[in-house]
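Me: I would like to go through this structure slowly, asking at each step what a term rests on. Could you take me through it in that way?

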Amino acid sequence: MGLISTKEMFKKAYEGGYAIGAFNISNLEQLQGVLKGAKAKNSYVMIQASMSAVKYAGPHTLVEMVKAASEEIGIDVALHLDHGPNLEAVKTCIDAGFSSVMIDGSHYDFEENVNITKEVVDYAHSKGVVVEAELGVLAGVEDEVSSDVHKYTKPAEAVEFVNRTGVDSLAIAIGTSHGAFKFKGEANLRFDILEEIQNKLPDFPIVLHGASAVDQDTIATCNEFGGNIAGAKGIPVDMLRKASSMAVCKINMDTDLRLAMTAAIRKFFAENPKEFDPRKYIGAGRDAIQAVVESKIDVVLGSANSIN
Ligand SMILES: O=C(CO)COP(=O)(O)O
Ligand SMILES: O=C[C@H](O)COP(=O)(O)O
Ligand SMILES: [Zn+2]
Ligand SMILES: [Zn+2]
């Protein structure tokens with residue numbers, strides 16, 4: 001058991017009409033929750049960390065922790081850098097042992113995005129590491145960069161981008177966005193764009209970021225036990241399942257795990273005012289994450305029993 005590439009899992013996901021869940025983590029219990037959920041469903045899964053999460057945990061700590069948990073829980077896993085900002089960040093993670101990286105040049109113009117992605121692909125491939133890039137801009141805030149509107153991916157540009165960079169997978173903008181506040185009105189995803197990209201790039205794995213569903217019961221639990229989260233809204237589950245049956249092979253979820261962990265810990269504190277053992281309350285958060293991951297595998301991803 002240990003860290004694996006995404007090549008094989010994406011190929012199977014594409015052919016099988018399902019998607020692999022890529023879950024963001026920054027600590028031990030989030031990691032264990034995700035891996036235990038995947039193990040219970042015999043499903044491929046990706047663990048991913050943003051650069052701020054890599055800094056929080058430490059790149060080597062993260063790699064060794066994921067390897068050890070993979071061994072102890074008994075499931076192979078890909079470890080991926082999410083939204084790598086530049087070659088230096090990518091190198092830090094590859095040299096520490098990550099099996100997959102993203103270079104996010106989506107906020108640059110097309111030519112610059114091609115150049116920075118190509119540079120990363122050359123380095124990563126020389127080390128046997130796969131690369132995800134991004135074309136099109138999701139509305140909302142991403143690290144320090146924000147955009148008020150979706151800049152939807154242009155299918156013809158996606159073809160040129162993939163051919164010129166040699167990238168292994170591509171994140172596209174079709175109306176999803178990061179965080180807990182995705183839509184003010186009706187949810188709408190541009191499946192016509194996904195379909196056109198799928199037709200123009202057959203067998204090529206597409207990635208969907210900003211794909212948390214934002215369960216309203218979980219928000220209610222947060223608020224019932226002292227939270228104050230108003231107006232949160234995610235992507236409807238049927239839209240996500242439809243995307244995963246198409247060319248989307250990787251679906252990124254962070255917010256749903258954060259909300260589940262927070263709701264469980266808030267509830268635990270409210271119901272157990274005398275407890276102060278971190279294993280009890282963080283353990284409650286870990287269990288909640290496992291439950292979310294199992295449900296995502298069944299309802300959103302369709303990836304149960306993908307490991308044979
Ligand atoms: O795309 C993500 C990480 O890259 C996470 O998206 P959510 O905020 O919708 O969970
Ligand atoms: O896409 C962003 C992820 O949700 C990670 O967010 P973060 O930078 O707060 O770790
Ligand atoms: Zn981006
Ligand atoms: Zn993202």
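Reply: Let us begin with one term: two residues are in contact if their C-beta atoms, placed from the backbone, lie within 7 Å. This is a predicted model, in which local features need pLDDT of at least 70, side-chain atom pairs count only at pLDDT 80 or more, and totals for chains, interfaces and linings use all residues. Residues are numbered from 1 along each chain as its sequence is written, while chains are lettered from A and ligands numbered from 1 in the order in which they are written.

Me: With which residues is Asp 104 in contact, leaving aside its neighbours within four places in sequence?

Reply: Once those neighbours are left aside, Asp 104 is in contact with His 83, Gly 84, Pro 85 and Glu 134. For Glu 134, treated in the same way, the contacts are Asp 104, Ser 106 and Ala 171.

Me: Why does Asp 104 count as buried?

Reply: A residue is buried if 20 or more other C-beta atoms lie within 10 Å of its own, exposed if 12 or fewer, and partly exposed in between, with C-beta atoms placed from the backbone. Asp 104 has 26 C-beta neighbours inside 10 Å, and therefore it counts as buried. Glu 134 also has 26 other C-beta atoms within 10 Å, so it is buried as well.

Me: Which residues does the UniProt annotation "binding site" cover?

Reply: According to the unreviewed UniProt entry, the annotation covers Asp 104 and Glu 134. Although they are spread over 31 residues of sequence, they cluster in space, with a largest C-alpha distance of 5.5 Å. UniProt positions are given in the numbering used here, feature names are shortened, and annotations may be inferred rather than shown by experiment.

Me: Where are Asp 104 and Glu 134 found?

Reply: Helices (H or I, at least four residues) and strands (E, at least two) are DSSP runs, numbered from the N terminus. Asp 104 is found in the loop between strand S4 (100-103) and helix H6 (110-126), whereas Glu 134 is found in strand S5 (residues 130-135).

Me: What makes S5 mostly covered?

Reply: Six of its six residues are buried, with Val 130, Glu 132 and Glu 134 on one side and Val 131, Ala 133 and Leu 135 on the other.

Me: How many bridges pair S4 and S5?

Reply: Two strands pair if DSSP finds at least two bridges between them. S4 and S5 pair in the parallel sense over four bridges, and Ser 100 stands opposite Val 130 in S5. S5 and strand S8 (residues 169-172) also pair in the parallel sense over four bridges.
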